[in-house]
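Student: Could you walk me through this one? I'd like to ask about its helices and chains.

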Amino acid sequence: MNELKAMFEAGPQLPWYLALSAILFTIGVAGVVIKRNVISMFMCIELMLNAVNLTFVAFSSYFRDVNGQLFVFIVMTVAAAEAAVGLGIIIAIFRNRESLDVDEANILKL
Amino acid sequence: MFTTLFFFLFAGMAIGCAVSVIYQRNPLYSAISLVGVFLSLACLYVTLAAPFIAAVQVIVYAGAIMVLVVFVIMLLNVEEEEHRITKVKYLLPTAILLGILLLAQIGYIITQVKSDKNIKLAESPVGVTESIGTGLFTKYLLPFEITSLLLLMAIVGAMSLARRSATLTPTTRIIPGTQVLPKYLVDPKAKYDTTAVESETTEEVEKVLGIKGKPEE
C-alpha cells in the first residue's frame, strides 16, 4: 500500500505512457480490420499514427532528449500530406464506383 | 499527485474516445470522437512537458486533418454502415480472450517494470519551442527541407487525383438538354476538337451512347 502511494506521489511513469500507446494502437488496428467504410479505416490509421507519436514524446520526455519530439514534428507533417493524398484517392474511388464500401471494391476493373 | 490524476483522466478520455471511433457506425460520429482523441492526447503531451508538440497536435491534427476529413464526409454524403451478420461464430469469444491477455500483459508491464528511481518530470528545457526550433534548423535542416518538398508533392498529387476528366467516364450521366460535351463526341468527323457543344436533343445523346431510343430515366 505504501509502495502504491509512493508510485502515485511520483507522477506518471514511462511504462504507463507506453501501455496507453499500445492500447491506442491496438484499438486502431482493430478499427482498420473491422470497419467497412474507407473513411473510417483512414481515421483508424490516423489513430495508430497518434499512438506512435505518444510513444516518441514519452521517451523524449523521460530521457531528456529532444530528438523524439523533432521526429514527432516530422511524423505530423507526413501525416498531413498523407491525409490530403488519401482523401483525394477516396474521392476518386467514390467518383468511379459510387460506393465507399471496401468489401465491394474487390475487382480492379470498375 | 495531481499529475497522476491528470494522466488517468486524459488516458481514460483517450481510450474512451478511441473505442467510440471504432464502435460508431456513422463516420461523422467517428470523426468527432477522433477529434476527442486528439485533444486528450494534446493534454497528455502537456503533462509530458512538451507544450510545442501539444500545440502543433491541436493545430495540425484537430484543426486541419479532421476538418478535411469532415469536409470529405459531408461532400460524399456518407451513410451509416449497415449491420452485417458475422459468418464466423467463434470470433467474439476469441477476441475477448485475447483482450484479457493483452490487459494482463499491460498490467504486468505497469506493475513489474521498475526503473531504479521514480523519475519526477521536472521542468526541463527539452520541450520548449526554442529547443525544437534550434534542433530543426541546425541538425535536422535537411529533413526539414525534404519535408517541405514532400508537402509540395502531396499538393500536386491531391490536385491531379481529384480533378475531373474532360471525357466521359463509365458512370457519367447524360441528361438530354443540359450536358455540355466536347465536340468530337457529338460530331464524329471533328476528331480531337474539344470545343464545348451544348447537346440539346436526344439524337445526339443516342449517337454518343450508341443506343437507340430514349435513355431510361
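Here are a few questions and answers about it.

Tutor: Quick note: this is a predicted model, where local features need pLDDT of at least 70, side-chain atom pairs count only at pLDDT 80 or more, and totals for chains, interfaces and linings use all residues. Residues are numbered from 1 along each chain as its sequence is written, with chains lettered from A and ligands numbered from 1 in the order written.

Student: How do H3(A) and H4(A) run relative to each other?

Tutor: Helices here are DSSP runs (H or I, at least four residues), numbered from the N terminus. H3 (residues 38-62) and H4 (residues 67-97) of chain A pack at about 175°, with axes 9 Å apart. Angles over 145 degrees count as roughly antiparallel. So H3(A) and H4(A) are roughly antiparallel.

Student: Which helix gives the most to the side of chain A that touches chain B?

Tutor: Residues are in contact if their C-beta atoms, placed from the backbone, lie within 7 Å. The contact takes 62 residues from chain A and 66 residues from chain B. On the chain A side, H1, H2, H3 and H4 each supply at least two residues. The top giver, with 22 residues, is H4(A).

Student: How many residues of H4(B) are buried?

Tutor: H4(B) covers residues 91-112 and reaches 31 Å from its first C-alpha to its last. Buried means 20 or more other C-beta atoms within 10 Å of a residue's own, with C-beta atoms placed from the backbone. H4(B) is hardly covered, and its buried count is zero.

Note on methods
Expected span 1.5 Å × (residues − 1). Buried ≥ 20, exposed ≤ 12 C-beta atoms within 10 Å, placed from the backbone. Axes fitted to C-alpha atoms, helices over the stretch in contact; angles between N-to-C directions. Parallel < 35°, antiparallel > 145°, perpendicular 65-115°, else oblique. Contact = placed C-beta atoms within 7 Å.
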